[in-house]
Amino acid sequence: MSTVGETLNVLHPLVEKYLRKERMPHMACSGCGIGQVVHSVLLAIDELGLTPKDTVWVQGVGCSSRITYSTWVGDNVDAHHGRMFAVATGLKMARPDMNFICFTGDGDCGAIGGNHFIHACRRNLDVTAILFNNGIYGMTGGQVAPTSPVGAVTTTTPYGNIEDPFDMCQMAVAAGASYVARWRSTDFKALTNSLKKGIQTKGLAFIEVLLQCPTNFGRYVLKSSNPQDVLTWIKEHSVTQKEAEKLSKEELTGKYLIGEFVHRPERTGIVERYQEFLKTHQKY
Ligand code: SF4
């Protein structure tokens, strides 16, 4: 019988082409949505013709980053917890010619790295950042996250979460990112197209994906570790922007809006401005 890794190599030419085989099989739990998102990322990279020579992966800490950690066949840079944007800023400023695909989670980006996230948006850093939002701290065992819904029972909120969740897409739009979108892990085609658009847009592309975490969100919040139950919950708690037009404010409470929120490719960012600055001020 073949191992999962061998099966992956056989079944997924994108894995064969772009991921390090010694890092397979990956570490995600069965039924986790992270693999679906990585599949979209690889397809977007492939369809755009990016290569390991011109593209670098950067990740923070958490389930999002544990899966992508050192898997890309090109250069990978692993940042400390919450510091993905800080590290990506230095890398992009030093190598503006390279593409940077950055992976982060809702705990990594919205909590410990929240300040870096806001300022990366304000600076409109020219990278593509993918936020894996599972609504809970996954890797560390199911603690409440800034994205956990109101009432969520987690290992640190045994009587239910009393805080409102952080809408990180709204923050990215308000702070100045060039491209902002949110999808579900099941929106494969829309997500892949959005990734391609984001990678091609100058400035920060911030793409959030709502994904199923059966191991922690399912187990603690929904009292079911069945991935299908988490997918159903995500479906019931999300609406496209078109669907939202027909709903009242009350009906939209607790719902995630799905779609593209902003695309402003004309907005310049820190990388271009710094290059211009150097032309004027660099003496040697
Ligand atoms: S803990 Fe949740 S998010 Fe993390 S790998 Fe497992 S299912 Fe995925």
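An open sheet of eight strands runs in the order 2-1-3-4-6-5-8-7, and its pairing is mixed. The edge strands are strand 2 (76–78) and strand 7 (238–240), each of which pairs on one side only. From one strand to the next, the twist averages 20°. Keep in mind that this is a predicted model.

**Strand 1: buried or exposed?**

- Five of the five residues of strand 1 (residues 55–59) are buried, so the strand is largely enclosed by the rest of the structure.
- In a regular strand, side chains alternate between the two faces of the sheet.
- Strand 1 is covered on both faces.
- Thr-55, Trp-57 and Gln-59 are buried on one side.
- Val-56 and Val-58 are buried on the other.

**Neighbours of strand 1**

- Strand 1 and strand 3 run parallel, joined by five bridges.
- Strand 1 also pairs with strand 2 in the parallel sense, over three bridges.
- Gln-59 stands opposite Phe-103 in strand 3.
- Gln-59 also stands opposite Asp-78 in strand 2.

**Strands 3 and 4**

- Strand 3 (residues 99–105) and strand 4 (residues 128–133) run parallel, with five bridges between them.
- Cys-102 has Ala-129 in strand 4 as its bridge partner.

**A helix across the sheet**

- Which strands does helix 8 lie across?
- Helix 8 (residues 168–175) lies across strand 4, strand 5 (179–184), strand 6 (205–210) and strand 8 (256–263).
- Helix 8 runs at about 170° to strand 5.

Key: Residues are numbered from 1 along each chain as its sequence is written. This is a predicted model: local features need pLDDT of at least 70, side-chain atom pairs count only at pLDDT 80 or more; totals for chains, interfaces and linings use all residues. Two strands pair if DSSP finds at least two bridges between them. Helices (H or I, at least four residues) and strands (E, at least two) are DSSP runs, numbered from the N terminus. Axes are lines fitted to C-alpha atoms, for helices over the stretch in contact, and angles run from 0 to 180 degrees between N-to-C directions. Two residues are in contact if their C-beta atoms, placed from the backbone, lie within 7 Å. A residue is buried if 20 or more other C-beta atoms lie within 10 Å of its own, exposed if 12 or fewer, and partly exposed in between; C-beta atoms are placed from the backbone.
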